[in-house]
Amino acid sequence: MIYIEHMNNIDRRNFLKTAAIGAASLTLGSATVKAADKPLSDDRIGILVDTTACVGCRHCEWACRTAHGLPAGELESYSDNSVFKEYRRPGNEALTVVNEFENEKNPLLPVFVKSQCMHCEKPACVSACIVGALTKNEDGSVTWNDDKCIGCRYCMVACQFQIPTYEWQKSIDPHIMKCDLCSERRSNGKLPACIEICPNEALLFGKRSDVLKAAKNKIKRKPDTYINHIYGEHEVGGTTWMYIAGKKFDKLKMPPLGTATAPGISEAIQHGIFAYFVPPVTLFALLGTMMWVTKWKKTNGSDEPKGKLPDVNDEKEK
Amino acid sequence: MKPLPVKKNFFSLGVIVLAVLAVNGLAFLSIRFYSGLGAVTNLDNQTPWGLWIGVDVAAGVALAAGGFTSAALAHVFHRESYHAIVRPALLTAMLGYTFVAFAVCIDIGRFYYIWHPLIMWNGNSALFEVGICVMIYMTVLYIEFLPIVTERFIGKVNFPGALAAFNKPVDALLKLLDRGLSKTMFVFIIAGVVLSTLHQSSLGTLMVIAGQKMHPLWQTPVLPLLFLLSAIAVGFPMIIFESLIASKSFRLKPEMKILSNLGSMTVPLLGIYLAFKLGDMFIRETFIYAAKFDYTAWMFLSEIGLLLLAFLMLLSRKTSGSPAMLFTAASLIIAGVLLNRFNNFITAYKPFYDTVTYYPSIGEISVTIGCIALLVLIYRFIVIYFPVISHEKK
Amino acid sequence: MKKIHFILIPIVFFGYVLSKVFQPDSESVKDKFTVESISSTEQNEMKKFHDNSSLRVTQKLNCKSCHSSEYPTKDDPGLLGCPRSEMISVYHSPEEGPETVLINEMSDYYSGVEFPHKVHAEMSEMSGGCTGCHHYNTTGPVLNCRKCHESSRSREDVSLPDLKAAYHRQCMTCHKQWSNDNGCSTQCHTRKGSGSIINTGTSKNKTHPALNLPTKLVWETNSKTNKIVTFFHDEHINKFNLSCTSCHNQESCIKCHAGKNRGDIGKLSRKEKSIEEHHQPCANCHFGNSCQKCHRDKEMLSFDHARSSGWVLKSYHAKVSCTKCHGTKMPYRKVEHKCVTCHKSFSAEFDHKLAGFTFSEGHTGLECKNCHSGGDFTKTPVCTDCHDDKSFPQDLPGTRK
């Protein structure tokens, strides 16, 4: 996708520039309404996927399905390699999938990449959700609330990793499906299912800061094994799930994303338009004045607006 | 010349065709409510929004902009001569927004939770803003329409049989309502304009969050401004379009004086939009994508081309004089804005893991056409029974 | 009151002596660390820290091998780069280690594994030795994996993999390449509840099957002339007495155990190698040789002592090992075609028959130097030195064998 590269190189600067101008002009003296976000804990979760340690056993897929009550089948059936022929994405039946990629350094040991919700630090889905059905929790996880969701699928539009999926075949009670970092298991003191079952601990679970440190150490210790890039450290403002690999991430079908948070520009515009309702009320007052002035000018004015000069303060509830 | 009910038979050949289309749409719609969105639409996990959001909702909102532009023109700026077009435009807006709300209802997965945004707020969400604004604006539109209802019934309340006793009190109630409304109407009119500018622009903010998933030809932080400007630009052409169709259909004399004035007023509005649109393209240097001349580029170019053509047509004096030319120009603008909304929500949406390119299914198209047909039928019904269109009494 | 001094002074004195004699634990600390300048409590603390930490210093070590700073503290240890290559002491023969190791302390979905340690240990010599698996084993005895790798996955220190991962990573790096099969129960585990608990006994007394060694390997190189390189594998082992590890010391198991399916043994995986890598195994011995030594225009014939040196090895010499004459050092020493090169001196007991010549009765009593004048055994004796009427080789002093 060429235009993505373009976005990354030439365009980002311009994009941000225009964004800044746009946002600044709309912000009206930076009076932005900040959402009451829960601050993230310093001990929030981080998970490092070491793609060089993953052996593609797909046990995580089985464990994930089992933990989420999805039809999982026999654990043995997951040793079937033929699923790797096609690139797969997380979906309604599997909240996480593992894909195989060629390893030029050693063809006998292909690279395996697990995909699931990245649990962004600044999640676009949470910002987008019309009813706030998606929550960024203090521990770093992003969870979906069945009781709130109206099924508008704006989260799917917003997500840069194309993670949330929707139960298209359901008319009543369709769910948005995505990794919830096994919130139920964790509330019982257990680890997420995929992390617990992984034989190689290719999924390193811990505090984000510790895990990041471990990732940097690994890269430092084995500069021949890893490329010097932790995917998810800075992408879209950082993610809970992070990846290290022996080859470039765009070759592993990871979208090349910038460091700007996905909801950043959108929220800046949004809060610009609505800065404490100042712009709408100002516009209301302006139009009211205009209406009054034009009516005053016309002595033979129409019979419709009979009111006095509209008092702006009375319309605050708008 | 006063707004009066059009004395015309409701049924005609066209009405039957429209009714068939509407029934067809409703048939597909029943499948959607029985077996889910997947059964009717071509939507999938990579393309969560399709024709219903792109055209029914986004384009629907844009094309209903005639309501607030005409209200601003006639009431806020007190151009009395334009009062003749206010009521048809108001009706279009009211029906348009009803249609939008209906489209939202069928597109969201849990239609029975449509009321959730009223009590569950997310101030960060552009969609929340659009949703709330559309809900309030729809209420305002219905309130603005109320005087037409009271006008129709005051002095004519005539319940059959035993209910006749209620005739007088209902009539009195209507009179009270009418008086109250005429005193406070200016609040609703201004509110309508404010709400429109808000959600027309927020509709543009919607796709900004899609980030790199959206093609750079369309993805820009000034999207909200472009959406607002294009909505304002399409307002008058929409009035021209429907007024000319209505007068043709009801064999009335077209209000050419008003319409040609609206046509010439469209020129600067459309010019401003085009200037911003092209300016944005040149500032972000995205013309390199337009110069590729692939499918996406052609969609972009035709969107611009339609509007540019209409702009050039309207510049000439001949256009505003001839109903046919004016109609063509207005149709081009409507098509251009429609295509723009379609492009923004569908063509531009190019997700990274795109395995199947989205094309609207027969079901989606049927439902969209069916809804539009239904809309036209209701419009015809209301125009025949309520004082909406101004014309000489025959 | 003044008499109190008489009581106090001895008490203080005895107290001092006792404290000197029963200095707590100081001996065991000094046993490991040779730090004289710090107090005993500090010594104790240091010992405790080093015993409990993942460092596991179990042998007498000089502080300077690990610490750069003069006074290392817990917070500022001033550690050097890990000097483990100098400290590692895990060199045992495969027989010393256990035959099998049962790994079953954390089996959940699968049963435990009976790891055939001996088989792996036998072959490990060719791939870097014990440390290939027993990495980071500093000094002292071989440590269990769980000494460093915690069994709990949710743990404070995530710098090391947990125990389950440590086990699996040891095996998987090779076994994943060895077999593309993802199944856990095809090779190591059995699924729990599927009958047998562990594959007991299958790996008892298991040794690596005899290797199918090649006799001769012929390569065709890319060069224009002298394309052919012939390598006699069996000669290097049998004639030149090379051990496997003298060439195969950093091999991966996959070198032999490649192939997509398990058991597809013997298929060699060919990796792109640099010129240096290609020549490295030979160059150790053949460093002085010209290219033509190996690179020929046709296949070489196998080694023939007669052909390459002109010395036909017969009877006793045919049985003598190469090193007897050519020395143990590689490359073999060149030897002249003379008896005395090896047979430095002959004594009176020497049976001349061995040299292939039996003397006639008249000559048996002679001393060696009578004929081999000047002790020079390289020259053939000449009859005319003693006899006027006889001449060599017409008249022989005995019979040739």
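Chain C folds into 14 helices and seven strands. The model is a predicted one. Of the 401 residues in chain C, 9% are buried. Among the contacts in chain C with a separation of 6 or more, 54% are made by residues 24 or more positions apart.

Chain C also meets chain A: 23 residues of chain C are in contact with 24 residues of chain A. On the side of chain C that touches chain A, the residues comprise seven nonpolar, nine polar and seven charged.

Chain A itself carries a domain assignment with two entries, domain 1 (36-261) and domain 2 (274-315). Taken over C-alpha atoms, the centres of domain 1 of chain A and domain 2 of chain A are separated by 53 Å.

In chain B, one residue may be described individually. B:Glu242 lies in helix α9 of chain B, which covers residues 223-249. Leaving aside neighbours within four places in sequence, B:Glu242 is in contact with B:Pro88 and B:Thr92. B:Glu242 and B:Ala330 are 88 residues apart in sequence, yet their C-alpha atoms are 9.6 Å apart in space.

The two C-alpha-based separations are set out below.

| Pair | Separation |
|---|---|
| Centres of domain 1 of chain A and domain 2 of chain A | 53 Å |
| B:Glu242 and B:Ala330, C-alpha to C-alpha | 9.6 Å |

Note on methods: Residues are numbered from 1 along each chain as its sequence is written. Chains are lettered from A and ligands numbered from 1 in the order in which they are written. This is a predicted model: local features need pLDDT of at least 70, side-chain atom pairs count only at pLDDT 80 or more; totals for chains, interfaces and linings use all residues. Two residues are in contact if their C-beta atoms, placed from the backbone, lie within 7 Å. Ala, Val, Leu, Ile, Met, Phe, Trp, Tyr, Cys and Pro count as nonpolar, Asp, Glu, Lys and Arg as charged, and the others, Gly among them, as polar. Helices (H or I, at least four residues) and strands (E, at least two) are DSSP runs, numbered from the N terminus. A residue is buried if 20 or more other C-beta atoms lie within 10 Å of its own, exposed if 12 or fewer, and partly exposed in between; C-beta atoms are placed from the backbone. Domain bounds come from an automatic or database domain assignment.
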